[in-house]
Amino acid sequence: MADLALPDEPTAPDVATDGVWLHCIECGEQFAPFEDIIYTCSDCGGLLEARYDRYPTFDDFEGSGVWRYAESLPFEEGVTLPEGDTPLHRVPRLEDEIGVEALRVKHEGMNPTGSFKDRGMTVGVRVAEELGVGRLACASTGNTSAALAAYGARAALETLVLLPAGKVAAGKIAQASLHGARILEVDGNFDSCLDIVQDLADRGEAYLLNSLNPFRLEGQKTIGFEILEEFHADYGRFPDRIVLPVGNAGNTAALYKCFREMVAAGELDEDEVPKLTGVQAEGAAPMVEAIAEGNEDTRRWEDVETIATAIRIGNPVNAPKALPGISETGGTAVAVSDEEITDAQRTLAGEGVGVEPASAASVAGLRKLRDEGVVGDDEDVVCLTTGHLLKDPDAAAKAGADPEPVANDTEAVLEHLAEE
């Protein structure tokens, strides 16, 4: 099991820079954060986690957006567009339908490039500047490439993105293209693209900014801070459960780190930590499989397919961080069909919340768990939606109603309406 515990009183090791260092979650080795480029432990190959000599409280957070939480991040400010401060929507009809005490939707599609990835890039690209790298790179199902291209352009850094050919929504490719990224379409799936990007990074050809990079997750953990603050401001309590889509499992790992830091700071009691509940598509569900079988890691799925392109991933690299996050918070994971995802997308749209298919997986998963009795009617739940509707306009058009042809005449319009 991964070592994700945080010490009660953090003490910076000799390798720390301004109170920041990297910690291997497997063997405990510690590394300087900004001297050499490192993504995983050079001793055992384990995942790394950013650690600090401080545990800020809510009173320490000032300003707005992601950088409101600078006291819990490696720098005071980053390469910003800006990002964060996304809405926590009320969805009263959906709340009544599902039958929980309270239901809110945290819509990360309202970030600058339309997804939660911007939170990670504002930190990750700032780290790239600190390291003095010349080229940024990522593998992507679409959203990561759009965010990296935008933040790379902001920082005037060369950006390279590798995409699985024919598997990425046109809206996302258009974003990466317009922001000036060099786009390579690979004859393979996302996991194959990530294998190549990791190889390029190991050869010193590019700085990797997928969520294997521990600093990406530092930006993404601010989703958790916002949920805790916003929900508590409205209800005077913290949510019992957060339901979220799972692809590479970065957000699951990031939220768990947020909660651990808040417990260590004395801001959150252990029994107040929300249950992390992951949702995957049935055609790409290695995390669900691992939890069902009681495994401590996932089996790589070579063939994955789902309408939810943003979570069409068969080898979630953050599983060693995310699986303990689900188990230690008392959460679970569930797989849903493409039909259930599309139905949830339509329901959210009926509440005025427009999301891409992968985002709607959280609501589809909540419905399923509620029907199975896993989620109780007394629970306060937040569903995380990760990307905007316009990220995948083709899927949105298929899920929506078809246009109705009518003659160029007012009376014809009235007659057509009367036919309903």
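Modeller: A helix here is a DSSP run of type H or I with at least four residues, and helices are numbered from the N terminus. The model under discussion is predicted.

Colleague: Which helix gives the most to the lining of the largest pocket?

Modeller: Two helices, α8 (250–264) and α10 (319–328), each supply at least two residues of that lining. The greatest share, five residues, comes from α8.

Colleague: Which kind of β-α-β unit do β10, α8 and β11 make, right-handed or left-handed?

Modeller: Strand β10 (residues 241–245) and β11 run parallel and are joined by five bridges. Within this pairing, I242 of β10 stands opposite L276 in β11. Together with α8, the two strands make a β-α-β unit that is right-handed.

Colleague: What is the bridge partner of Q280 in β12?

Modeller: Strand β11 also pairs with β12 (residues 332–336), again through five bridges and in parallel. In that strand, the residue bridged to Q280 is A335.

Colleague: How many of the seven residues of strand β11 are buried?

Modeller: A residue is buried if its relative accessible area is under 20%. Strand β11 covers residues 275–281 and is mostly covered. The number of its residues that are buried is six.

Colleague: How many disulfides does the structure hold?

Modeller: A disulfide requires two cysteine sulfur atoms within 2.5 Å. C27 is in no disulfide, the nearest cysteine sulfur being that of C41, 3.7 Å away. The sulfur of C138 is too far for a bond, because the closest cysteine sulfur, in C193, lies at 9.6 Å. The total for the structure is zero.

Colleague: Is C138 buried or exposed?

Modeller: Relative accessible area under 20% means buried, over 50% exposed, and in between partly exposed. C27, at 41%, is therefore partly exposed. For C138 the relative accessible area is 0%, which means that this residue is buried.

Key. Residues are numbered from 1 along each chain as its sequence is written. This is a predicted model: local features need pLDDT of at least 70, side-chain atom pairs count only at pLDDT 80 or more; totals for chains, interfaces and linings use all residues. Side-chain values use heavy atoms; hydrogens and water are left out. Buried means under 20% relative accessible area, exposed over 50%, partly exposed in between (1.4 Å probe, protein chains only). Two strands pair if DSSP finds at least two bridges between them. A crossover is right-handed if, with the strands pointing away from the viewer, the path from the first strand over the helix to the second runs clockwise.
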